[in-house]
Amino acid sequence: MGVMNVGVLSLYRTSIGKKVIMAVTGLIGIGYVVMHMYGNLKAFLGMEYFNHYAEGLRELGAPIFGHSHLLWIARLVLIGAVVLHTWAAWSLYQEAERARSTKYVKHVKLQANPAALYMRVGGVILFVFIILHLMHFTWGIPGVHPDFRWDDAYHNVVAGFKSYFYLPAIFYVVAMVALGFHLYHGAWSMFQTLGLNNHTYTQPLRLLSLALAIVIAGGFALVPLAIMFGIIS
Ligand code: HEM
């Protein structure tokens with residue numbers, strides 16, 4: 001009995017540790033998408049403004065940091081956060097699977113938690129999105145982007161979304177729906193893990209997660225939508 005308790009406790013502890021890793025790395029991701037979405041909206045102010053901002057990213061932290069230095073530090077932090085987030089998700093998934101399939105009298109398949117399933121599927125969709133997105137607008141892979149210019153981010157966005165009968169624009173908008181769901185449930189889980197939830201805060205925190213998801217995903221979707229409808233050209 002005592003042994004079992006210790007086992008359960010340490011499993012609980014490691015699970016909590018991984019959930020904290022998910023919450024903290026998720027928060028880093030939220031911070032990034034908030035800033036990226038805000039920056040993207042500068043596309044509504046025109047080419048000069050947008051390209052000035054894109055160049056400004058490389059000068060971030062100047063004169064203390066050299067050209068692109070702070071940008072590279074941010075990139076490394078972001079890559080680390082994505083790796084840890086994915087690892088913790090995978091590890092928690094395996095723990096849950098193990099707990100489900102203990103060889104007991106009869107294998108009772110418990111109802112899988114649908115939210116957890118959507119988070120995993122959504123996470124994979126977002127991972128694929130990020131890779132395609134980097135091929136599209138950061139690396140300008142020929143064929144993914146039809147006319148990439150290293151010094152003209154505005155042109156890359158407008159031409160990139162217009163290409164292939166607006167298919168990339170539609171793909172981004174769909175991916176942002178996935179991002180919205182991931183953010184909604186992710187933010188909510190993060191609040192729970194960080195222990196902010198109790199009965200008084202349940203409703204406000206749900207609303208806050210929903211608002212965050214709508215503002216971020218909606219804000220991102222505005223740019224491809226504006227290009228589809230000729231508002232940005
Ligand atoms: C409609 C939505 C989006 C648009 C129009 C957009 C646009 C862009 C553009 C133009 C760049 C290249 C900037 C440059 O090199 O100067 C970029 C880079 C990037 N975007 Fe997005 N983005 C969108 C959504 C997202 C989302 C949802 C994520 C993450 C979940 C994301 C993650 C990144 C990353 C990681 C980079 C590379 C930054 C770097 O290392 O330089 N983007 N995006």
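Helices, by the DSSP runs I use here, are H or I stretches of at least four residues, numbered from the N terminus.

I am working from a predicted model, where local features need pLDDT of at least 70, side-chain atom pairs count only at pLDDT 80 or more, and totals for chains, interfaces and linings use all residues. Residues are numbered from 1 along each chain as its sequence is written, and side-chain values use heavy atoms, without hydrogens and water.

Entry one, the iron. I looked up which residues hold the iron atom of the ligand, and found His-36 (NE2) and His-133 (NE2) coordinating the iron at 1.9 to 2.0 Å. Donors are N, O and S atoms within 2.8 Å of the metal (3.2 Å for Na, K and Ca); water is not among the atoms, so sites may look incomplete. His-36 belongs to helix H1 (residues 2-40) and His-133 to helix H4 (residues 114-138), so the pair ties together parts 97 residues apart in sequence. I noted both His-36 and His-133 as buried (under 20% relative accessible area; exposed is over 50%, partly exposed in between, with a 1.4 Å probe and protein chains only).

Entry two, Val-20. I placed Val-20 in helix H1. Its relative accessible area is 33%, so I list Val-20 as partly exposed.

Ala-54 counts as buried because its relative accessibility is 14%.
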